[in-house]
Amino acid sequence: MMNPEPNETGGQLLQLFARHNRELRAYSRMILHSVDSLDDVMQEASVVIWEKQAQLRHESEFLPWAKTIVRNISFRLSLIHISEPTRP
């Protein structure tokens, strides 16, 4: 990622996620059109971002990279909710 020291890298990643959290939530909400699954999307996105942090080459690339992750999770969850039968 940005720095070879794992503890420092984790701290930087956490700071970037916190700094862009509001924008990432808004981006997900545009896709979901509802807040019902928003927390689920953000929780899953944080895990995926952590697991794939080695793919991030520079902190300036964080937001577009994280938006791609959030977008993919949001679309997947919105499709799951669409395909679920409604309960009476």
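**View 1. The largest nonpolar core and its most connected members**. Of the 20 residues in the largest nonpolar core, L24, I49, F62, I69 and I73 touch the most other members; such a core is a set of buried Ala, Val, Leu, Ile, Met, Phe, Trp, Tyr and Cys residues joined through side-chain atoms within 4.5 Å. At least two residues of this core are supplied by each of α1 (6-32), α2 (38-51) and α3 (62-83), and α3 gives the largest share, 8 residues. The model is a predicted one, in which local features need pLDDT of at least 70 and side-chain atom pairs count only at pLDDT 80 or more, while totals for chains, interfaces and linings use all residues. Residues are numbered from 1 along each chain as its sequence is written, and side-chain values use heavy atoms, with hydrogens and water left out.

View 2. Of its 88 residues, 34% are buried, that is, under 20% relative accessible area, whereas exposed means over 50% and partly exposed lies in between (1.4 Å probe, protein chains only). Among contacts (heavy atoms within 4.5 Å) between residues at least 6 apart in sequence, 65% join residues at least 24 apart.

**View 3. Surroundings of I73**. When residues up to four places away in sequence are not counted, I73 touches V41, E44, A45 and V48. I73 is also one of the core residues that touch the most other members.

**View 4. S74 and its polar partner**. S74, found in helix α3, has a relative accessible area of 0% and therefore counts as buried. The side chains of S74 and S28 are joined by a polar contact of 2.7 Å, a term for a pair of N or O atoms within 3.5 Å in which, within protein, one must be able to donate a hydrogen and the other to accept it, and residues adjacent in sequence count only if both atoms are side-chain atoms. Leaving aside residues up to four places away in sequence, S74 touches S28, I31, L32 and V41.

**View 5. N72 on helix α3**. N72 has 42% relative accessibility and so counts as partly exposed. N72 and I31 lie 41 residues apart in sequence, with 9.9 Å from C-alpha to C-alpha.

Notes: Helices (H or I, at least four residues) and strands (E, at least two) are DSSP runs, numbered from the N terminus.
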